[in-house]
Amino acid sequence: MTSGEAMRQQQEFSAPVINGVSITHKPQRSDKAKIVPDPLVKVEHLSLFYGAKQALQDIEMNIPRKKVTAFIGPSGCGKSTLLRCFNRLNDLVDGCRIEGNISINDKSIFDADVDITDLRKKVGMVFQKSNPFPKSIYENVAYGARIAGINKKSVLDELVEKNLKRAALWDEVSDRLNDSAMGLSGGQQQRLCIARAIAVEPDVLLMDEPCSALDPIATAKIEDLVTELKDRFTIVIVTHNMQQASRVSDYTAFMYIGDIVEFDTTEKIFLNPAKKHTEDYVSGKFG
Amino acid sequence: MPKLWKPGDAYIWISGLALMLTLAMIGGLLFLIATKGLGSMWPVDIGRYKLTDGSVYLGQFQGRELVRGAEGIRSESDFRVKLKIGNRDLYGLDFKWVDEADIASLDYPNNAVILERREWGNYHGYLKEIRKNGEIVSGADPEAFSVLKSVIHDANKIHDEILKIEKGEIGDINYGIEKQRLKLRGLSMRGENNSAKEAEFRLKIEEYEALYKVSEAKLEKLYTELNRNEVVMSSAAGEEKVMPLGKIVMAFRPNYMGFVEKAGFYVERFWGFISDDPREANTEGGIFPAIFGTILMVFIMSIVVMPFGVIAALYLREYAKQGLMVRIVRICVNNLAGVPSIVFGVFGVGFFLYGVGGIIDSVFFKEALPSPTFGTGGILWASLTLALLTLPVVIVATEEGLASVPRNIREGSLALGATKFETTWKVVIPSALPAILTGLILAIARATGEVAPLMITGVVKLAPDLPIDGHFPFLHLERKFMHLGFHIYDLGFQSPNSEAAKPMVFMTAFLLILIVVILNITAIIIRNRLRKKYATSAV
């Protein structure tokens, strides 16, 4: 679908505005979404505009529960933008407008009664560049709990240990929990950010190119971690690295210029893609 | 030539040169102030100068300068020396210029004594005799000087006791009487006719007055004791002078002292300088009240300016919608930093003293009117004026600090379900803290050196009491205070005896710089600690 088409479609519907974000409901258009048996997150007719520029075009997809879903595609295709819709981090961007709907557990995240901080507790995020707070390792992991008003030391101690272990970082830092998180290596910092995110016990964990700044060994550690964590969390990962997508994900979406070209099981996308465009990209002919 | 410019070597040399020039200027300034100030306390040997006209002086060498032009060969007759001859009561001046050609002979008699007095500056002369109750207890024998020292020591003890009574006991009594008087006044002002209360207050006043009589009697006794003992000195020319011991602070014989002794004396004197009250229109004694006033003022200013500056910057940077209005506000803040400080002083007088102070007086201190309590200059108003003056510095520095906190750290916090306020409070401010402290350092440096606005908002030449004492509420923010910067101005330009005050000017300037440096170093150490703790390094 071209962008002109999207513009025309969007004019056909009057958009109700909720929380400053206008939302349009449209009838089911394609069957892209149907391949997922037990979806946790449903994206319906999602379009996103930065001012006059359209960044996402009528996205339609379902994200499976407790599986790893990867978004691949060339730079600027809107992978990160789509990811940041799930925890409404795009609300911070001036002039950003969203149409369509996203629902998690059949509850729209754009509803007026949704508390945005609750949403973000349910949808954790790990960023491209590791961003530990300038605090101790302990305080970084305990941050979410402290925000939630938990200040009891025994509870926090347990929480910190549990999540550092889940993030496979405990053995490396257990003897220096009170040191600054800034002293950790890049890979450790990124795992600390993962520990910090899962300490809030989210349903969904968004990962925005979590390994792009890391060396291969640190990358392998994070990939192992992702595989372990999918028993517990629904993970959405954006990546530039196609090998990574094929290694860690169960489902893969190939995006191009703000649209999802193809979304299917990872196996199908990489071995037997339905579209020529996808095949060209995953085989390295362009991108 | 183009080859020289291309690699930029020339630029590097030029900037290096500029840096060296700046360092040399700073170093030169510090060196000048330090040597002139610190040197003035050294006990210089006292020489007996016999002049060709027959007159004799006991003087300390202070300096030498060329009189005539530089043509031809210079000889002794071309120079003159500056002597500190003391004995202002005899000669009228402490200092004397003598042409070297006029000096017939010069020697350093071991028995020359310098007395530091509470009035009339130093006395240079020889010890003749010591009298206790009019009886001569010691003559000019070799032991006499140690006797003199011990009697001066005793006299100083009595003097301290007198001070304690005058400042402590009598101060308390005056404070009490004033309180009762104000209560009485309040009664009559409210038109209450409560004779029981009135009688109670009057009774209390009478009690205080009885106490005062007791203290006064004690004082009188001490004073007679103090002045009962006398020392008789003779000047270089042989003139006798009888001085009561109460008027003498200390005695020393520089020619008799070895280097170690002199060094010890120097330390003692230096300590006295920074810990004592000033004497003789500030030209002698210490400068403790000025040091205290300066530091207290900077503290109060910091306590006021920090929250205001940080909150203003937080709003401007984090919450306000960035647009024309915020830009205008920002430009205004920057312009405020360029307003001459005296303008802030005038504002302080108009707004704080007359405005706020006047209202406080008319509401809380009605009884004391028409004499103002807060409606006049005081350390609080001076500090607030300086806080206004330094506010732009803190705002600008804080804003820059906030702007440099990476966006992804904020997003990290928000993505964990923190509200914007929690993010600002727990993540952004700690990250920006080093920059905020940099703002404070700049503010302190500016405030400590400021004099003009203080002169009209609360600084005085001589404050009778420190702003902190034993009376409730202990910190008296309405009191006037002394300040090192003003002290320099006062000594250098307002002193009746400016030649004698010159070393004090240098010493005070030296101390002022020292305090600025100490305050700054403290803040810098704190900042570096925080920087280590909250380092926001990328990966």
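Which residue does Glu411(B) meet in a salt bridge, side chain to side chain? I started my notes there, and found Arg407(B), with 3.1 Å from N to O. This is a predicted model, so I read every value below as computed from it.

**Entry 1: Glu411(B) and its helix**

I looked up where the two partners sit. Glu411(B) and Arg407(B) are both in helix 11 of chain B, four residues apart, which is about one turn of the helix. Next I asked myself: is Glu411(B) buried or exposed? It comes out as buried, with a relative accessible area of 6%. The cut-off for buried is under 20%, so 6% falls within that class.

Glu411(B) has another partner, this time in the other chain. Arg84(A) forms a salt bridge with Glu411(B), and their closest N and O atoms are 2.6 Å apart. I then checked how many salt bridges there are between chain B and chain A, and the count is one.

**Entry 2: where the chains touch**

With that pair noted, I went on to the rest of the interface. On the chain B side, helix 11 (407–415) and helix 12 (420–449) each supply at least two residues. Helix 11 gives the most to that side, with eight residues. Sorting the chain B side by class, I get ten nonpolar, nine polar and five charged residues.

How many residues are in contact across the two chains? I have 24 from chain B against 29 from chain A. The size of an interface is often given as the accessible area lost when the parts come together. Here chain B and chain A bury about 2200 Å² between them, and 62% of that is on carbon and sulfur atoms. I also looked for polar contacts across the interface and found four residue pairs, with both residues at pLDDT 80 or more.

**Entry 3: chain A overall**

I moved to chain A on its own. It has eleven helices and twelve strands. Of its 287 residues, 57% are buried. I also looked at contacts between residues at least 6 apart in sequence, and 69% of these join residues at least 24 apart.

Then I traced one sheet. Four strands of chain A form an open sheet in the order 4-3-6-7, with antiparallel pairing. Which strands stand at the edges? They are strand 4 (53–64) and strand 7 (107–108), each with a single partner strand, so one side of each is left without a neighbour in the sheet. Strand 7 of chain A pairs with strand 6 (residues 96–104) over two bridges, in the antiparallel sense. Within this stretch, Ser103(A) stands opposite Ser108(A) in strand 7.

**Entry 4: salt bridges in chain A**

The structure holds 39 salt bridges over all chains. One of them joins Glu201(A) to Arg166(A), with the closest N and O atoms 2.6 Å apart. Glu201(A) lies in the loop between helix 7 (186–198) and strand 9 (204–208) of chain A, while Arg166(A) is in helix 5 (residues 153–166), so the pair ties together parts 35 residues apart in sequence. I noted Glu201(A) as partly exposed, at 28% relative accessibility.

Strand 7 and strand 8 (residues 135–138) of chain B run antiparallel and are joined by three bridges. Their hairpin has two residues between the strands, and Asn133(B) takes a positive phi near 50° there.

Last, I checked Val231(B), which has its place in strand 9 (residues 230–234) of chain B. Buried or exposed? Val231(B) is buried, with a relative accessible area of 0%. Setting aside neighbours within four places in sequence, I find Val231(B) in contact with several residues, including Leu127(B), Ile130(B), Leu148(B), Val242(B) and Ile248(B).

Technical notes. Residues numbered from 1 in each chain as written. Chains lettered and ligands numbered in written order. Predicted model: local features only at pLDDT ≥ 70, side-chain atom pairs only at ≥ 80, totals over all residues. Heavy atoms only, no water. Contact = heavy atoms within 4.5 Å. Buried area = accessible area lost by both parts, 1.4 Å probe. Salt bridge = Lys/Arg side-chain N within 4 Å of Asp/Glu carboxyl O. Polar contact = N/O pair within 3.5 Å; in protein donor to acceptor, adjacent residues only side chain to side chain. Nonpolar A, V, L, I, M, F, W, Y, C, P; charged D, E, K, R; others polar. Pairing = 2+ DSSP bridges. Buried < 20%, exposed > 50% of the residue type's maximum accessible area, 1.4 Å probe, protein only.
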